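Q: Hi, could you walk me through this one? I'd like the overall picture, then one residue.

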Amino acid sequence: TPEVPADQVSSRPVEQVSWNMVQEFLGGTGMRLPTEAEWERAYRAGTTTAYHSLPGYPDGTNDEVLLAEISWFLGNSSGQTHPVGTKAGNGFGLHDMSGNVWEWVSDRWGDYSGEPQTDPVGPASGTARVIRGGSWVSGPFGVRSSYRFIGAPDGVDVGLGFRVARTP
């Protein structure tokens, strides 16, 4: 892995954190991890495509060739994270929803009902947790809006970070 320039360290996403470590950080801050449904809504920003919107594609895209405009992933990351906000944001103005680092969400891992739902919540029991968004080590499939992955709550790995939410 190439050395991260010292002047970029503070602008890179936090990574190599477990779900449990994130819970310790969040304690007493008034912040929380988003639910999986909240996270996906934030990623999609009103789109229904594999990848969120970008300049020239307000409805999103399914074209992997355009992925480098919105995401740091295996195809362009050079084996490391990159400063946050250097790729095009989505329709909500959020950056790095696709790639750079996986993001823990609050939900436990499990199947969702096949029935239509509004703001579904994951299973009430189980230890494994959901991570979303893909990272700098993910291929194009791993950074898709719908892709979800499983993580152990005490697991720490490169490319594993988080995004916070606040309840209004």
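A: Happy to. A term to begin with: buried means under 20% relative accessible area, exposed over 50%, and partly exposed in between, with a 1.4 Å probe and protein chains only. By that cut-off, buried residues make up 45% of the 168 residues in the protein chain.

Q: Thanks! What kind of model is this, and how are residues numbered?

A: This is a predicted model, where local features need pLDDT of at least 70 and side-chain atom pairs count only at pLDDT 80 or more, while totals for chains, interfaces and linings use all residues. Residues are numbered from 1 along each chain as its sequence is written, and side-chain values use heavy atoms, leaving out hydrogens and water.

Q: How many helices and strands are in the protein chain?

A: Two helices and six strands, in the order α-β-α-β-β-β-β-β along the sequence. Helices (H or I, at least four residues) and strands (E, at least two) are DSSP runs, numbered from the N terminus.

Q: What are the spans of the C-alpha trace along its principal axes?

A: About 40 × 35 × 30 Å.

Q: What share of contacts between residues at least 6 apart in sequence join residues at least 24 apart?

A: That share is 67%. Contact here means heavy atoms within 4.5 Å.

Q: Switching to α2: which of its residues are buried?

A: Glu36, Ala37, Trp39, Ala42, Tyr43 and Arg44. These buried residues of α2 pack against β2, β3 (129–132) and β4 (148–151).

Q: And what follows α2?

A: Ala45, which has a positive phi, near 50 degrees.

Q: Now my residue, Ser98. Where is it found?

A: Ser98 is in the loop between α2 (36–44) and β2 (102–108).

Q: Is Ser98 buried or exposed?

A: Ser98 counts as buried because its relative accessibility is 0%.

Q: Which residues is Ser98 in contact with, leaving aside neighbours within four places in sequence?

A: Ser98 is in contact with Tyr43, His52, Leu67, Ile70, Ser71, Trp72, Gly133 and Val143. Tyr43 is also one of the buried residues of α2.

Q: What lies 3.3 Å from a polar atom of the Ser98 side chain?

A: The backbone oxygen of Val143.

Q: One last thing: how far apart are the C-alpha atoms of Ser98 and Leu160?

A: They are separated by 13 Å, with the two residues 62 apart along the chain.

Conventions: Polar contact = N/O pair within 3.5 Å; in protein donor to acceptor, adjacent residues only side chain to side chain.
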